[in-house]
Amino acid sequence: MSSSISPFLELGPRTKANSLAVLHLSRDNLMPVYLQQTSGEHDGYSEGVVVNTRYGSFPHSTMLNVPWGSQIRASKVDTGSRGRKRKRVPGDEADRDNESGADTTTTNPAAAALNANGVKEAVAASSGFIHVLPPTPEIWTTSLPHRTQVVYTPDYSYILHRIRARPGAVVIEAGAGSGSFSHASARAVYNGYPQPDDADKKKKRGRVISFEYHEQRFHKMKQELADHCLDQIVHLTHRDVYKDGFLIEGSRSPEAEAVFLDLPAPWEALPHLSRRKPEGYTGLSEAAGQRKEGEGEWTSPLNPRKSVYICSFSPCIEQVTKTVSAMRRLGWVDIDMVEIANRKYHTVRDRVGLNMPVDRGVNNSARDDGIDGEGVGGGKKGGAVETSAHPWMDGRLVTRGEPEIKTHTSYLVFAILPREWTKEDEEATAKKYPIGEEKQVVGNLDKAARKKERQEQMKKLGNRKTRRKERDEKMAETEG
Ligand SMILES: C[S@@+](CC[C@H](N)C(=O)[O-])C[C@H]1O[C@@H](n2cnc3c(N)ncnc32)[C@H](O)[C@@H]1O
């Protein structure tokens, strides 16, 4: 179990060593890396650990302790022993590492300037740059290693809102797949890490109770959650939820108030998400280490004091029909279906003209491009250029929508399972709020009654003011 705070939950202002960062190479090309502080040569590079991309080589030392979002210039890397080890053949892998043309020189590392960690100080190359981004669930979704189809941001932002995933909530999720939804829901429910005195203080911590039955995916995700310091927020269990339901630690209820199902047959999991033992329930398998049908009391995984909000995510309408039928049978209400038709809008500065030879709102050169001398929007290549004091404000601001809506992802079925209302609950409430014995009616529909209400309120306010005035006068007299 990890002890530090997840960068997905509480992000510092700057990048740090041994923490996840996402390298933004181009719009749809993101690369997650664990930034490392190395001492001395690493893998033949005198600058320590180096990331090689088509935009150049980037030693980790150049990406450490910089504000998130910083632009990082490619470096001329010193291949040191790596360069001496073997002769390069044009087109081999090491050669491709430097497609950008960023200089890769072989020098004597001992002769180069070393920093405090004993690695060579990186020297900026003549071209190539990337940006270093913080790991947010949104960025993770676009950069994560895909093990399955994933839930994308436009869908999960809406789902989390509809199932009321908020700090302190307990959300059940199945299946976990590639962990895209798990990361987003962990951030939504996070209200601090569990503390030893939580029970004494009656503090309820937000948690995601996640299930995955594919063994390899389960192990990969377990490791990923530990690496991201999310293992105390997301509790992942290896289980077939159709057979074995959603109880945790043997037969304990997680008392969930929200559920997200991303399963091929959600109607098979739904009976386990009931408040009482459903008719025709076939019980749990012994594999889950839980009681079998007929043994002991039925334990529901749902919070008995709250209405439960569910979303089931299915790619085809036949699955939706079956899910809705099962929900109706099992007492879910307010069932509706939504499809998110997401469309991206690009907002750019449209800068065209003789002085903008290659640039239509795209950064072709690095922000601090001291080498060509002119910076963004300039460039000597295009001839004499006049740039304004704020080149990023040049040109018309243009917004363009994607010509077509992206293909269908999934149908979202939402429903609510109200909390059970017993005779005892009714009696207790009637006792607390007796009908016909209200002390005061606020917001009367009758105009005259409302006027009277207002007058009475004004009178009360006036009385209070007079009383305060009298008290102040009395105090002034005594002090005098
Ligand atoms: C489409 S993926 C989920 C993707 C995930 N929501 C995400 O955002 O990354 C569906 C997952 O459900 C798992 N699964 C299928 N049937 C299951 C079952 N009966 N119990 C638990 N997991 C199951 C699959 O192994 C698969 O990983």
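The ligand is surrounded by 22 residues, of which the closest are Glu212, Arg217, Asp240, Val241 and Asp262; a residue is counted here if one of its heavy atoms lies within 4 Å of the ligand. The structure is a predicted model, in which local features need pLDDT of at least 70 and side-chain atom pairs count only at pLDDT 80 or more, whereas totals for chains, interfaces and linings use all residues. Residues are numbered from 1 along each chain as its sequence is written, and side-chain values use heavy atoms, with hydrogens and water left out.

By class, the shell around the ligand comprises 9 nonpolar, 8 polar and 5 charged residues (Ala, Val, Leu, Ile, Met, Phe, Trp, Tyr, Cys and Pro count as nonpolar, Asp, Glu, Lys and Arg as charged, and the others, Gly among them, as polar). At least two residues of this shell come from each of helix 5 (180–189) and helix 7 (241–244); helices are DSSP runs of H or I with at least four residues, strands are runs of E with at least two, and both are numbered from the N terminus.

An oxygen atom of the ligand lies 3.2 Å from a backbone N or O atom of Val151, and a polar backbone atom of Ser180 is 3.2 Å from an oxygen atom of the ligand. For Tyr213, a backbone N or O atom is 3.3 Å from a nitrogen atom of the ligand. Of the 600 Å² of accessible area that the ligand has on its own, the protein covers 92% (Shrake-Rupley method, 1.4 Å probe).

Helix 5 is largely enclosed by the rest of the structure, because 9 of its 10 residues are buried (under 20% relative accessible area, with a 1.4 Å probe and protein chains only). The buried residues of helix 5 include Ser180, Phe181, Ser182 and His183.

Two loop residues are also buried. His272, in the loop between helix 8 (266–269) and strand 12 (308–314), is buried at a relative accessible area of 5%. A polar atom of the His272 side chain lies 2.7 Å from the backbone oxygen of Tyr242. Arg351 is placed in the loop between strand 14 (345–350) and strand 15 (396–401) and counts as buried at 6% relative accessibility. Arg351 and Pro391 are separated by 40 residues in sequence and by 9.9 Å in space, C-alpha to C-alpha.

Conventions:
A polar contact is a pair of N or O atoms within 3.5 Å; within protein, one must be able to donate a hydrogen and the other to accept it, and residues adjacent in sequence count only if both atoms are side-chain atoms. Buried means under 20% relative accessible area, exposed over 50%, partly exposed in between (1.4 Å probe, protein chains only).
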